[in-house]
Amino acid sequence: MSSQAETLSSHHYCSQEVFDQEREHLFHGGWFMCARGDTIAPGSRRVVDVVGESIILSRTADGTLHAHANVCRHRGARLCQPETVSSHRTIVCPYHAWSYALDGALVGTPHLSHDDVDRDALSLWSIALREHEGFVFVSLAKTPPAFDSWMQTHGGEVVPLFRFGLGDLRVAFTSRTTVAANWKIIVENYQECLHCTRVHPELVELVPAYRGGEVYERTRGDGGVTLSGGGNSFSHTGHSKLPLLPKMSEVDAHSYFGCTLFPNVFVDITGTSAIVSTLFPISATQTVVTMEYLFAPEAIAASGFDPQPIIDFSELVGAQDNMVCEGVQQGVSSHAFTHGVLTDKDSLVIGFVEHYNQAMSAAPMAQ
Ligand code: FES
Ligand SMILES: [Fe+2]
């Protein structure tokens, strides 16, 4: 007799109170992957929203990456508009035009001399930052958890994929979609393939294992799934003329490897590309999903570089997923919904729910 477990409750998917607790415990209390490092060139900056906290990521000319609160030290004005990217080497406040260097130092205070204001004491507020394998993590905790042990606890699935040289890859294209669904619905959808035959007819042509509702091939021990016809990419034909990722073996090149980095990242790797999907929760019922398409720098620089077939295919699959996730959000918002059920074939969803419950009960509160 097979067993059934319960999903999370309607409250978990719809309540602002739960969302506020998640923000404190998970998103601000731990490390939050918010960008790929190569998207911030030396001498430039960009703004990201980490669950309600606006953060300026900037890279000084020496290559050092910085993270600061997007808040002026004078009277607290928002400095940069959301999601902006700029190559200006100073950040100028739109209110009284105080200006900051990319390392956060206050360098200009119009109408006010050094005697009027202690510039040295008024650098931008710094945010804890780690750049690891090209992933940029920030922590808004007063005392951030030790990064290495945090990665061991929450990033165990992604570490084996570092063998493909993720840190050396570059983003060639980014899509950004607002999905009307709780972030956990999107993670849970990623963790099972019982929906694949119905929702992703193109994808199951490419990955035969998915036709049976499996996420993994049980006959393989490496977590990979075989692409049909010796394919090397997620694309309509399965075949790309792009060069293999630099650290991709000929054996692995014809498989797909995917994983999550708890709580908000999916990584999908085939022979010719890596796709990093990042969830930016906005509210209990809204999530921005970015999909970044990574390739070898040499592939991007080569004449005739054409990632479009890979982008088109994954955007199609992503749109299919987003649509069903929005349908789930609508369903779980009903008074009728208490819990759903999870079966043995939902083992990864069950694993996620357990991880979530554990992280929510164990994480220290952010200050
Ligand atoms: S609030 Fe920024 S310069 Fe006054
Ligand atoms: Fe899906």
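Reader: Which residue in E5 stands opposite serine 58?

Author: This is a predicted model. In it, E4 and E5 pair in the antiparallel sense over 5 bridges. Across that pairing, the E5 residue opposite serine 58 is histidine 66.

Reader: Which residue in the turn between E4 and E5 has a positive phi?

Author: E4 and E5 form a hairpin, with 5 residues between them. One residue in the turn has a phi of about 95 degrees, a positive value. That residue is glycine 63.

Reader: How many residues of E4 are buried?

Author: A residue counts as buried if 20 or more other C-beta atoms lie within 10 Å of its own. E4 is mostly covered. Of its 7 residues, the number buried is 5.

Reader: Over how many bridges do E3 and E4 pair?

Author: These two strands run in the antiparallel sense. Arginine 46 stands opposite leucine 57 in E4. The number of bridges between E3 and E4 is 7.

Reader: Which residue of E6 does arginine 46 stand opposite?

Author: E3 pairs with E6 in the antiparallel sense, over 2 bridges. Arginine 46 stands opposite leucine 57 in E4. In E6, arginine 46 stands opposite valine 85.

Reader: What is the order of the strands in the open sheet of 4 strands?

Author: The pairing in this open sheet is antiparallel. E5 (65-69) and E6 (85-86) stand at the edges, each with a single partner strand, so one side of each is left without a neighbour in the sheet. The order is E5-E4-E3-E6.

Reader: What is the phi of valine 51?

Author: Most residues other than glycine have a negative phi. Valine 51 has a positive one. Its place is in the loop between E3 (44-50) and E4 (53-59), a hairpin with 2 residues between the strands. The phi of valine 51 is near 50 degrees.

Reader: Is valine 51 buried or exposed?

Author: The cut-off for buried is 20 or more other C-beta atoms within 10 Å. Valine 51 has 22 within that distance. So valine 51 is buried.

Reader: How does alanine 97 count: buried, partly exposed or exposed?

Author: Alanine 97 lies in the loop between E7 (90-92) and E8 (99-101). Its phi is near 70 degrees, a positive value in a residue other than glycine. A residue is buried at 20 or more C-beta neighbours within 10 Å and exposed at 12 or fewer. Alanine 97 has 13, so it is partly exposed.

Reader: Where is the cis peptide bond of proline 263?

Author: Most peptide bonds are trans. This one is cis, with omega near 5 degrees. Proline 263 lies in the loop between E14 (255-261) and E15 (265-269). The cis bond runs from phenylalanine 262 to proline 263.

Reader: At what angle do H4 and H8 pack?

Author: Two packed helices are described by the angle between their axes and the distance between the axes. For H4 (residues 183-190) and H8 (residues 308-332), the axes are 9 Å apart. The angle is about 125 degrees. That makes H4 oblique to H8.

Reader: Which residues of H8 make the contact with H4?

Author: H4 passes H8 in a right-handed crossing. From H4, the contact is made by Ile185, Ile186 and Asn189. By class, the contact has 5 nonpolar, 2 polar and 1 charged residues. From H8 come Asp321, Val324, Cys325, Val328 and Gln329.

Reader: How many residues of H4 are buried?

Author: H4 is mostly covered. Its buried residues include Trp183, Ile185, Ile186 and Tyr190. Of the 8 residues in H4, the number buried is 7.

Reader: Which residues is phenylalanine 280 in contact with, leaving aside its neighbours within four places in sequence?

Author: Phenylalanine 280 is in E16 (residues 274-283). It is buried, with 21 other C-beta atoms within 10 Å. Leaving aside those sequence neighbours, its contacts are Asp49, Thr287 and Val288.

Reader: How many C-beta neighbours does glutamate 22 have inside 10 Å?

Author: Glutamate 22 sits in H2 (residues 16-27). Buried needs 20 or more other C-beta atoms within 10 Å. Glutamate 22 counts as buried, and its number of neighbours is 24.

Methods. Residues are numbered from 1 along each chain as its sequence is written. Chains are lettered from A and ligands numbered from 1 in the order in which they are written. This is a predicted model: local features need pLDDT of at least 70, side-chain atom pairs count only at pLDDT 80 or more; totals for chains, interfaces and linings use all residues. Axes are lines fitted to C-alpha atoms, for helices over the stretch in contact, and angles run from 0 to 180 degrees between N-to-C directions. Angles under 35 degrees count as roughly parallel, over 145 as roughly antiparallel, 65 to 115 as roughly perpendicular and the rest as oblique. A crossing is left-handed if the near helix is turned anticlockwise from the far one by less than a right angle, and right-handed if clockwise. Two residues are in contact if their C-beta atoms, placed from the backbone, lie within 7 Å. Ala, Val, Leu, Ile, Met, Phe, Trp, Tyr, Cys and Pro count as nonpolar, Asp, Glu, Lys and Arg as charged, and the others, Gly among them, as polar. Two strands pair if DSSP finds at least two bridges between them.
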